[in-house]
Amino acid sequence: MIVCHCMAITDKDIRGAVDWMRAADPATIITPGKVYRALGKRADCGGCLSLFVDTMRACDTVGVPENLRSLRCAPTEGGMHERRSESRRVSE
Ligand code: FES
């Protein structure tokens, strides 16, 4: 099935690229942009993106590696900061 009509990318192409990327680097985060690049193409109109992502998510190997899942941390008390002390902030 054609997923991206602009670049003639099929669901089989996407699954193959995702599987190849996961096999090449088990720790990589796989994004639609990386899949396009792996196929030697780039998005044009973007109209396929939701179907493109749905096709990626259907792949067994697309998940975020277990060791990277805990990197997102809860916001700190007082909101987000850039891990700099208050005195080093340029904007203040
Ligand atoms: S349909 Fe995929 S970029 Fe246009």
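Mentor: pLDDT is the predictor's confidence in each residue, from 0 to 100. This is a predicted model, where local features need pLDDT of at least 70 and side-chain atom pairs count only at pLDDT 80 or more, while totals for chains, interfaces and linings use all residues. Residues are numbered from 1 along each chain as its sequence is written, and side-chain values use heavy atoms, with hydrogens and water left out.

Trainee: What is the mean pLDDT of the protein chain, and in which element is confidence highest?

Mentor: The chain averages 85, and 77% of its residues reach 70 or more. Helices (H or I, at least four residues) and strands (E, at least two) are DSSP runs, numbered from the N terminus. Among these elements, α1 has the lowest confidence, with a mean of 94. The mean pLDDT is 85, and confidence is highest in β2, at 97.

Trainee: Which pattern does the protein chain follow along the sequence?

Mentor: The chain has 3 helices and 2 strands. Read along the sequence, the pattern is β-β-α-α-α.

Trainee: How many of the contacts between residues at least 6 apart in sequence join residues at least 24 apart, as a percentage?

Mentor: Contact means heavy atoms within 4.5 Å. Take the contacts in the chain between residues at least 6 apart in sequence; the share joining residues at least 24 apart is 54%.

Trainee: What percentage of the 92 residues is buried?

Mentor: Buried means under 20% relative accessible area, exposed over 50%, and partly exposed in between (1.4 Å probe, protein chains only). By that count, the buried part of the 92 residues is 23%.

Trainee: Why do the buried residues of α3 line one face of the helix?

Mentor: In α3, residues 49–57, the buried residues are Phe52, Thr55 and Met56. Directions are taken from the helix axis to the C-beta atoms. On the other side of α3, Ser50 and Arg57 are exposed. The buried residues line one face because, seen down the axis, they fall within an arc of 100 degrees.

Trainee: Which residues does Met56 touch, not counting residues up to four places away in sequence?

Mentor: Met56 is one of the buried residues of α3. Beyond four places in sequence, Met56 touches Ile14, Val18, Ile30, Thr31, Pro32, Val35 and Val62.

Trainee: Which rings form the aromatic pair, and how many residues apart are they?

Mentor: Rings of Phe, Tyr and Trp (its six-membered ring) pair if their centres lie within 6.5 Å; planes under 30 degrees apart count as stacked, over 60 as edge-to-face and the rest as tilted. The structure holds 1 such pair, with centres 4.6 Å apart and planes at 5 degrees, so the pair is stacked. Both Tyr36 and Phe52 are buried. The pair is Tyr36 in helix α2 with Phe52 in helix α3, and their separation is 16 residues.

Trainee: Is Asp11 buried or exposed?

Mentor: Asp11 is found in helix α1. Asp11 is in contact with Met1, Val3 and Thr55, leaving aside neighbours within four places in sequence. Asp11 and Met1 are 10 residues apart in sequence, but 5.8 Å apart in space, C-alpha to C-alpha. Its relative accessible area is 16%, so Asp11 is buried.

Trainee: Where is Leu39, and what does Leu39 touch?

Mentor: Leu39 sits in the loop between α2 and α3. At 26% relative accessibility, Leu39 is partly exposed. Leu39 and Asp13 are 26 residues apart in sequence and 7.7 Å apart in space, C-alpha to C-alpha. Not counting residues up to four places away in sequence, Leu39 touches Ile9, Asp13 and Ala17.

Trainee: What is the phi of Ala8?

Mentor: Ala8 is found in the loop between β1 and β2. Its relative accessible area is 45%, so Ala8 is partly exposed. Most residues other than glycine have a negative phi. In Ala8 phi is positive, near 55 degrees.

Trainee: How many disulfides does the structure hold?

Mentor: A disulfide is a pair of cysteine sulfur atoms within 2.5 Å. Cys6 is partly exposed at 38% relative accessible area, whereas Cys59 is buried at 8%. The number of disulfides is 0.
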